[in-house]
Amino acid sequence: MKRRLQFVHIGKCGGSTVEKLLSLSPVISEKYSSFFESHINGVVVDSSCDYLFCFRNPIDRAFSAFEWRKKLVVEDSLPDQVRRFPGERKVLRKYKSLGIMARSLYRADGRLDQAVARDFHAVHHLRESISFYCRPLLAVVTPTNILGVVCQESLAADCTRILGVDASGVRERSNALKRRIDQDLDNVAVKHLKRFLVEDYQCLAALWSLGALSDQQFWRVMTSSVET
């Protein structure tokens with residue numbers, strides 16, 4: 001009997017593209033009875049299904065999430081987004097950029113500023129972190145029930161390899177985005193984000209240890225575009 005596939009759609013990792021390609025994939029139609037997507041409402045912890053993940057470097061993902069929410073909520077002021085998450089608009093207007101928020105996360109004595117941490121988690125997709133999706137699944141995922149991992153950094157190639165779909169036209173990270181990250185995140189901001197997002201990195205390492213990510217994928221997803 002065919003198993004079901006759960007696509008763990010982690011926000012701001014290219015998951016919308018992956019979700020569209022699933023219905024076109026001969027691999028999925030041949031191997032699975034059905035597939036379903038887990039997104040912002042959390043995952044289904046189920047050892048009877050297989051798993052497909054999408055990932056991105058935690059710092060790059062956080063930057064993308066902050067910029068996207070700032071555009072929708074502050075710059076465009078979309079009516080269906082402005083009041084969607086209580087307190088989010090106020091936080092986005094207060095900090096203006098992820099770099100400003102990141103530099104404020106830890107005090108001079110190294111202690112976490114709890115107020116800033118709460119503000120960080122007021123932003124959609126920052127609150128739903130990589131560990132938000134993955135931590136509950138570490139008890140049930142095994143090397144045999146993971147279909148694969150699609151990394152945003154190599155999205156087209158990973159979709160082609162795992163799903164058997166020609167994804168060569170998929171748009172990947174632009175140089176313009178990288179320039180904005182470079183301008184916003186200095187060494188202090190990067191250091192603080194690595195510390196604050198440690199559970200995200202731990203989840204990536206745990207899945208790599210299960211063979212879900214190749215060594216090359218692991219290196220790419222663990223290294224931010226602002227690191228040298």
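This is a predicted model: local features need pLDDT of at least 70, side-chain atom pairs count only at pLDDT 80 or more; totals for chains, interfaces and linings use all residues.
Residues are numbered from 1 along each chain as its sequence is written, and side-chain values use heavy atoms, without hydrogens or water. Local features need pLDDT of at least 70 and side-chain atom pairs 80 or more, while totals for chains, interfaces and linings use all residues.

Select the four strands of the open sheet, ordered E2-E1-E3-E4 with parallel pairing. Strands (E, at least two residues) and helices (H or I, at least four) are DSSP runs numbered from the N terminus; two strands pair if DSSP finds at least two bridges between them. At the edges are E2 (32–38) and E4, each pairing on one side only.

Next, select E1 (residues 3–8). Six bridges join E1 to E2, and Leu5 stands opposite Phe35 in E2. With E3, E1 pairs over four bridges; Phe7 has Leu52 as its bridge partner there.

Move to E3 (residues 50–55). Six of its six residues are buried, so E3 is largely enclosed by the rest of the structure. Buried means under 20% relative accessible area, exposed over 50%, partly exposed in between (1.4 Å probe, protein chains only). Asp50, Leu52 and Cys54 point one way, Tyr51, Phe53 and Phe55 the other. In a regular strand, side chains alternate between the two sheet faces. Five bridges join E3 to E4 (residues 146–151), where Val150 is the partner of Cys54.

Finish at Leu155, in helix H9 (residues 155–163). Leu155 counts as buried because its relative accessibility is 3%. Its C-alpha atom is 8.2 Å from that of Ala167, twelve residues apart along the chain.
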